[in-house]
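Look over the sequence and the structure below before reading on.

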Amino acid sequence: MTNITDTQLQPGQPAIHRRRWGISLIWIVPIVAAAIGISMLVHAWLSEGPEITILFRTATGLEAGKTPVKYKDVTVGAVTAITLSEDGSHVKVKVALMQSAKSLTSKDSRFWVVRPRIGASGISGVDTLLSGAYIGVDKGQAEETASEFTGLEMPPPVVGDMPGKSFILKSEDLGSLDIGSPVYYRRIQVGRVASYQLGETGQDIKLQIFIDAPYDRYVTTDTRFWNASGVDVSLGADGLKLKTQSVATIVAGGVAFASPMGSQASPADKDTEFTLTADQDTAMAPPDGQAQYIQLKFDQSLRGLSVGAPVQFSGVDLGRVVSINLDYDPVKHRFPTVVGVLVYPERMGRVLDKLPKLEGDNDRQAALFMHSMVKQGLRAQARLGNILTGQLYIAMDFVPNAPKVELDVNARPISMPTVNGSFDRMQEQIANIVTKIEKMPLDSIAKHLDASLVNLDKTLTQVNTHVLPETTQTLQQTRQTMQDAGQTMQQARQTLSGVDNVLADDAPLSQNLGQTLQEVQRASRSLRELTDLLGRHPESLLRGRPADPALVSKPVAPSPQEESKP
């Protein structure tokens with residue numbers, strides 16, 4: 001027991017724990033935090049992209065530290081600061097882009113503010129009502145980069161990676177078209193107007209339109225474009241026509257295109273130039289070819305004639321009026337109207353092949369041909385095209401018995417002789433008639449006519465009171481006489497009928513007359529026998545008839561004519 005106690009009570013060699021130098025566990029957390037911070041700094045430094053400056057007119061909807069920059073709806077940067085420019089005309093928006101968005105700094109990249117907008121092309125940026133405005137980016141294609149850009153005030157209608165083609169349209173004026181105006185093909189919107197600018201000469205407008213794929217294949221080399229803006233109303237012989245594409249084109253304008261029927265042309269290349277015409281009829285008309293300018297001088301008023309009015313030859317539209325100006329004639333002290341027209345000879349079609357081939361340039365050939373036609377009576381007239389509106393048009397036609405005019409083939413521009421229109425000539429004729437009527441002594445005629453009417457009234461009164469009753473009485477007497485004559489004729493007819501009855505073969509008078517004639521015949525025969533007897537024997541008057549029968553002559557046989565008689 002003691003050993004055990006001693007053993008337990010003996011102090012042992014104390015364990016000496018020497019302090020080791022190392023990092024305490026308490027430093028692990030800060031070290032890890034520092035490592036994370038450093039890694040974040042490194043990651044931020046490595047992910048930091050370029051910083052650019054965008055110039056906008058206003059900073060509406062933009063806020064430093066909040067407004068993002070999006071490309072294809074992916075955040076690629078943020079607005080870090082907004083300051084005014086030195087002159088205060090615009091704002092400078094500093095944008096920090098991500099490293100992955102470094103390619104968006106191409107020199108031709110475009111930036112704009114996406115915010116809610118209501119325009120003719122529709123409503124855009126509705127999602128920004130809740131999320132707030134942001135800066136949109138259209139990546140450029142240039143290899144050169146830039147650090148300062150001018151922001152667009154409106155979103156571009158076409159971004160760089162949209163499938164489709166761009167084309168150029170040339171027009172005399174812009175009309176109601178604007179950026180974003182729709183482009184229609186068979187009344188389906190297939191594109192839009194991307195931009196427009198004035199031509200280099202200032203005489204035309206160049207519009208860039210973008211046609212979405214796959215509709216861009218319908219734009220061929222012979223495609224025709226026309227302005228589909230507004231409402232096209234025409235009143236012709238076939239009635240009232242109303243043409244329009246959609247309500248949007250009426251408000252904001254638009255462009256439509258089509259190819260000629262049966263076209264086999266190939267698709268047009270990108271940025272091919274076309275002509276934008278005013279309407280569909282003009283666009284789809286056959287090619288006009290080279291125009292010929294002709295000057296017309298009228299001595300009459302041309303109220304109702306306007307620029308653009310048609311020029312017709314034998315009912316075919318050959319051109320249009322391009323100018324109307326007044327001139328002064330110091331000899332006649334008149335102000336004639338000079339009208340300039342453009343004529344397109346190719347609209348005559350196959351007739352051109354039958355026309356004589358003349359020498360010289362186009363103006364010379366046109367002057368020589370017109371000279372020969374003027375000799376045949378070709379003249380220009382301003383005729384009434386619409387009786388309701390009073391619109392005039394120019395007609396080139398052959399006028400019978402037109403005064404002879406010598407056309408100067410060397411004069412430029414070519415001047416065609418004119419004659420007054422049929423309506424004007426009718427007005428002149430009416431004016432002449434009115435003048436002649438005014439010269440007539442209407443007062444004297446009226447007085448004589450009044451006197452004549454008074455006399456005529458008296459005559460008619462006399463006729464009614466005297467002549468007409470007598471005439472009526474005479475007519476009645478004549479009618480009575482005619483009735484009596486009719487009765488007389490009836491009696492005569494009856495008398496003649498009685499005579500016919502008396503003279504009929506079976507009438508008693510005829511029978512009695514036949515018997516009488518027979519008796520007369522017998523008596524004459526007896527008398528002839530007696531005379532014969534007395535001729536042969538006159539003594540027989542004293543002695544009587546001889547007894548000897550031989551002495552008595554035989555009675556004479558009656559002749560055949562006598563026997564035939566009754």
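How many bridges join strand 3 to strand 4, and do these strands run parallel or antiparallel? The model shown here is predicted, and in it strand 3 and strand 4 run antiparallel, joined by 7 bridges. Between strand 3 and strand 4 lie the 6 residues of a hairpin, where Gly 88 takes a positive phi near 75°.

Strand 3 (residues 74–84) also runs antiparallel to strand 2 (residues 68–71), with 4 bridges joining them. Here Tyr 71 stands opposite Val 74 in strand 3. Strand 2 and strand 3 form a hairpin as well, with 2 residues between them. Lys 72, in the turn of that hairpin, has a positive phi of about 55°.

These strands belong to an open sheet of 7 strands, in the order 5-8-2-3-4-1-9. The pairing in this sheet is mixed. Strand 5 (110–114) and strand 9 (148–150) stand at the edges with a single partner strand each, so one side of each has no neighbour in the sheet. From one strand to the next, the twist averages 30°.

Leu 55 has Thr 150 of strand 9 as its bridge partner.

Strand 1 also has a helix lying across it. Helix 2 (residues 28–47) lies across both strand 1 and strand 4 (91–98). Relative to strand 1, helix 2 runs at about 50°.

Definitions and conventions. Residues are numbered from 1 along each chain as its sequence is written. This is a predicted model: local features need pLDDT of at least 70, side-chain atom pairs count only at pLDDT 80 or more; totals for chains, interfaces and linings use all residues. Side-chain values use heavy atoms; hydrogens and water are left out. Two strands pair if DSSP finds at least two bridges between them. Axes are lines fitted to C-alpha atoms, for helices over the stretch in contact, and angles run from 0 to 180 degrees between N-to-C directions. Contact means heavy atoms within 4.5 Å.
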